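Dear colleague,

Please find the structure below, handed over for your own work. My notes on it follow directly after.

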Amino acid sequence: VSVADVTAFAEATVRTATPLALAAVGEVVVERAGVLNISLEGIILAGAFGALVGATHGGLTGGFLVAVLSGVAIALAFALFTVIWLRADQIIAGTAITLLSTGLTGTLYRTLYGSAGAALTIPTAGRIAIPGLVKLPVVGDALFNQPATTYLVYLIVPAVWWWMFRTHAGLGLRAIGESPAAADAAGVRSTHVRFVAVLFGGILGGLAGGTLVLSQAGTFAEGMSAGRGFIAIAIVVLGRWHPVGVMLAALLFGAASALQFLLQATGIALPYQLFLALPYVLTLAALAGVAGRVRAPAALARVHDH
Amino acid sequence: MGDALRALLAGAFGSWYAFGSGTLVRATPLILTGLAVAIAFRAGVFNIGAEGQFIVGAAAATAAALAMHSLPAFILVPSMLVLGFGAGALWAWIAAVLRARFHVLEVISTIMLNFVALHLVSYLVRGPLQEPTHIYPQTVTFVDAARLPRFGSTTRLHLGFLVAVLACVAAWFVVRYTAAGFRLRAVGANPDAARSAGMIDAARTTMRAFLISGALAGLAGAIEVSGVTYALYENISPGYGFTAIAVALLAQLNPLAVVGTGILFGALEAGATAMQRDAGVPSVVVSIVEALIILVLLALDRFRSTATRESPA
């Protein structure tokens with residue numbers, strides 16, 4: 001294993017972690033408000049498809065814009081069913097809305113792009129090197145020569161941390177996640193805050209989908225979210241519902257996925273499906289090690305009536 | 001639109017052949033996985049992993065079919081079904097233990113296990129179980145002794161349909177008339193109350209329901225390879241495990257009603273295949289319909305409970 005292999009491994013780690021971190025940081029805010037958004041998978045998928053549609057008409061800016069709008073649209077549907085209108089079971093509604101997103105993106109993709117879809121390519125976001133920092137040994141390239149969405153993670157993690165733990169509104173959000181009834185009594189409008197939190201999760205989930213298409217694949221494939229929404233939800237548990245913890249957990253998963261590059265370099269012959277299955281197995285193992293020992297927001301996934 | 005609907009209806013109900021060989025063949029895995037989901041949900045277990053349990057059931061049955069291909073049918077076919085049943089239970093057991101011992105949400109764990117099952121089958125059909133020319137990612141076609149009998153030579157409908165219906169009748173009887181069924185309903189309705197009533201070991205009841213749920217989904221996979229595909233390949237399930245959620249919810253988690261809703265969704269999916277062929281409408285449209293059905297049911301359920309419940313302060 002050479003230095004170049006390790007550098008490539010570190011770069012692949014950060015690249016894979018970026019969409020996971022974006023989606024998971026959004027989900028931290030949602031879950032801290034006591035909502036478990038299982039439709040995150042559908043949000044990421046819609047974001048990915050939106051990125052394709054936007055980018056074919058409006059380039060990169062259009063791509064990211066439509067990605068965010070698509071994510072928000074799915075989040076809005078979820079909020080409608082679980083928070084503001086029906087207050088239905090979050091797990092069943094979330095599963096149904098993910099199914100809806102799978103059907104919608106699949107149908108629209110085949111209708112709009114037909115069989116030519118596979119050959120479709122769109123502009124991708126180039127890497128931006130941060131002067132000075134990019135020269136750091138080993139990690140310089142990995143951390144500071146990435147597309148803009150990775151730098152967005154560096155900005156959004158401290159911003160969410162500050163908002164959640166240092167502002168009055170952030171305290172209100174966390175109070176709702178522990179006891180919406182008590183929060184209501186204290187004058188926090190819990191339904192309103194939950195609604196905004198779910199939409200914020202939709203923005204970041206949509207961006208995560210956009211990142212898959214516009215910063216990585218350069219094209220769209222049906223079902224290309226491939227469980228990332230569910231992995232992001234697991235990452236929230238591993239990161240103990242804390243934005244910084246979640247970013248570190250996302251990096252751990254990025255590393256697990258990138259491990260194949262490193263192991264291929266060592267020349268050990270293992271079936272590639274093993275590497276493809278590794279992130280999912282690792283999620284299970286990590287959850288088994290952590291889930292019993294951390295405390296979720298007390299009101300998580302509970303329906304709150306007034 | 002009219003053409004598409006006509007093609008869908010003709011594909012599902014147009015003739016006895018279409019109904020038996022299309023709709024009912026397609027309904028068989030949906031009835032069994034729907035029953036799997038219904039039993040789990042009844043016990044308060046969110047098993048979203050019927051898809052993965054179906055896949056490992058299909059893989060286990062395939063391994064049996066290939067390893068014991070010289071045995072007579074009356075031994076081989078039952079062995080395949082039993083192995084599929086067991087493999088499904090084993091796959092569910094992983095998630096059940098993670099839930100009971102480590103407090104891992106089964107929604108997450110069963111979905112992770114779906115992906116692991118997919119990659120496992122991908123490995124099997126490109127590795128140890130691949131057909132001998134090593135060109136196609138699938139197994140050889142099973143010998144006749146590994147195939148479920150059909151209801152006559154002019155139909156593709158196989159004995160698995162009967163197995164699925166009987167499983168629903170048996171489950172209905174157990175849930176409705178036995179002590180085990182009472183425990184299941186009690187734990188699902190309110191685990192805390194069931195526990196404090198002192199008569200019920202809630203954890204054990206939950207675990208059993210989870211295992212039976214996985215076993216039924218695994219059996220569905222075994223029946224699919226033994227009755228329909230006669231081989232294992234990567235996309236052995238077009239999402240049966242997810243359609244199963246709609247099947248179970250539409251049946252209001254009643255095992256007998258699952259037969260009806262399973263046939264309804266079987267018709268929808270068989271019709272959608274015809275619709276794609278004859279009218280060029282993508283068959284993924286069915287996912288939208290299924291999702292909307294679940295969402296409408298959630299809405300109706302909510303309105304019903306709001307209407308009957310005393311208004312809280």
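This is a predicted model: local features need pLDDT of at least 70, side-chain atom pairs count only at pLDDT 80 or more; totals for chains, interfaces and linings use all residues.

Which residues does A73(B) touch, not counting residues up to four places away in sequence? They are P78(B) and A145(B), where contact means heavy atoms within 4.5 Å.

Residues are numbered from 1 along each chain as its sequence is written, chains are lettered from A and ligands numbered from 1 in the order in which they are written, and side-chain values use heavy atoms, with hydrogens and water left out.

Two residues of chain B

A73(B) belongs to helix α4 (residues 73-102) of chain B; helices (H or I, at least four residues) and strands (E, at least two) are DSSP runs, numbered from the N terminus. A73(B) counts as partly exposed because its relative accessibility is 36%; buried means under 20% relative accessible area, exposed over 50%, and partly exposed in between (1.4 Å probe, protein chains only). P255(B) is 182 residues from A73(B) along the chain, and their C-alpha atoms are separated by 30 Å.

A12(B), in helix α1 (residues 2-13) of chain B, is buried, since its relative accessibility is 0%. Leaving aside neighbours within four places in sequence, A12(B) is in contact with A18(B), F19(B), T23(B), A267(B) and G271(B). For T23(B), 11 residues away along the chain, the C-alpha separation from A12(B) is 5.5 Å.

The two chains

Chain B is built from 12 helices and zero strands, and 54% of its 313 residues count as buried. Its radius of gyration (taken over C-alpha atoms) is 20 Å, which agrees with the value near 20 Å for a compact globule of 313 residues; the globule rule is 2.2 Å times the number of residues to the power 0.38. Along the principal axes, the C-alpha atoms of chain B fill a box of roughly 70 × 50 × 35 Å.

Chain A has 11 helices and two strands, in the order α-α-α-β-α-β-α-α-α-α-α-α-α along the sequence. With a radius of gyration of 19 Å, close to the 19 Å that the globule rule gives for 306 residues, chain A is as compact as a globular protein of that length. Buried residues make up 56% of the 306 residues in chain A, and the C-alpha box is roughly 60 × 45 × 40 Å along the principal axes.

Helix α9 of chain A

Helix α9 (residues 228-238) of chain A is mostly covered, with 10 of its 11 residues buried. The buried residues include G229(A), F230(A) and L238(A). Their cover includes α1 (3-32), α2 (40-84), α10 (243-266) and α11 (272-290) of chain A together with α5 (106-126) of chain B. Just after α9(A), R240(A) takes a positive phi of about 50°.

The interface

The contact takes 42 residues from chain B and 45 residues from chain A. The area buried between the chains is about 3600 Å², of which carbon and sulfur atoms give 82%; buried area is the accessible area (1.4 Å probe) that two parts lose on being put together, summed over both. In chain B, M112(B), L295(B) and R302(B) lose the most area to chain A, together 17% of what that side buries.

Yours sincerely
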